[in-house]
Amino acid sequence: IRSFQRDKNDIYNIFGIRILNDRNDKTYYINNDELSEPSEKLLNAFTITNALRLLNDLSNIISFEKQNFGPQGAFYDLLDAIRNKNRIKMYYQKYHEESYNEYILEPLALKEFGQRWYLAASDKGGKRTRTFALDRIISIEPLKDIFSNDHFQLEAFYSDYFGIMTDS
């Protein structure tokens, strides 16, 4: 019982998922109405992973869409730069172009749309905010420069547009 209680607490502390007890029928359950969006995504991913683990060859009955987060570690590097308000140097290749461009950016937020991830970032000084697809990033390098992004509101930035398209 102590191990189970410890596991329940760990699941809540790490994933934000609360496991509740129904004493009438002696069962445990997760109240989906209480789940935050990130917690719901984690629970869904766990459900799929667990189902896949139980079955062997699924290639004939399940087809997954490949998700590309850009170069290995870029997602975490971007999260760290956003949280610490560090500028980044990014090499980025636009669709249908063979060459890539170098940008010095102030990373503001990450947004998922259509099972793809995007970076909202401003140029140095925050004059223009743009959206970059993570799967088009060649490389990023966190810089020691610090910036202020207290003015940026992710939902407000995308509020008048569908998905990730803006007039910026």
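Hi everyone, let's start with the sheet: five strands form an open sheet in the order β6-β5-β4-β3-β7, with antiparallel pairing. At its edges stand β6, residues 129-133, and β7, residues 137-146; each has a single partner strand, so one side of each is left without a neighbour in the sheet. On average, neighbouring strands here are turned by 45 degrees against each other, if we ignore direction. Please keep in mind that this is a predicted model.

Now let's walk through the pairs. Which strand pairs with β7, and over how many bridges? The partner is β3, residues 86-92, and the two run antiparallel over six bridges. If you want a spot to look at, find Tyr 92: its bridge partner in β7 is Ile 137. Tyr 92 also stands opposite Asn 101 in β4.

Next, β3 and β4 run antiparallel and are joined by five bridges. Then come β4 and β5, also antiparallel, with eight bridges joining them. In that pair, Glu 112 has Trp 117 in β5 as its bridge partner. These two strands form a hairpin with two residues between them, and in the turn Gly 114 has a positive phi of about 60 degrees.

While we are on strands, here is one general point to remember: in a regular strand, side chains alternate between the two faces of the sheet.

What lies across the sheet strands? Helix α3, residues 74-84, lies across β3, β4, β5 and β7. For the angle, α3 runs at about 95 degrees to β4.

Let's turn to another pair of strands. Strand β1, residues 19-22, and strand β2, residues 27-30, run antiparallel and are joined by four bridges. Ile 19 has Ile 30 in β2 as its bridge partner. This hairpin has four residues between the strands, and Lys 26 takes a positive phi near 55 degrees.

Last stop, the surface. Take Ile 14, which lies in helix α1, residues 2-15. Is Ile 14 buried or exposed? Its relative accessibility is 61%, and the cut-off for exposed is over 50%, so Ile 14 counts as exposed. Together with Phe 15 and Leu 42, Ile 14 forms a nonpolar patch on the surface, and the three have about 290 Å² of accessible area together.

Notes. Residues are numbered from 1 along each chain as its sequence is written. This is a predicted model: local features need pLDDT of at least 70, side-chain atom pairs count only at pLDDT 80 or more; totals for chains, interfaces and linings use all residues. Side-chain values use heavy atoms; hydrogens and water are left out. Patches are made of residues with over 30% relative accessible area and no salt bridge: like charges are joined within 9 Å, nonpolar side chains (Val, Leu, Ile, Met, Phe, Trp, Tyr) within 5 Å. Accessible areas come from the Shrake-Rupley method with a 1.4 Å probe; for residues, only the protein chains shown count as cover. A salt bridge is a side-chain nitrogen of Lys or Arg within 4 Å of a carboxyl oxygen of Asp or Glu. Buried means under 20% relative accessible area, exposed over 50%, partly exposed in between (1.4 Å probe, protein chains only). Two strands pair if DSSP finds at least two bridges between them. Axes are lines fitted to C-alpha atoms, for helices over the stretch in contact, and angles run from 0 to 180 degrees between N-to-C directions. Contact means heavy atoms within 4.5 Å.
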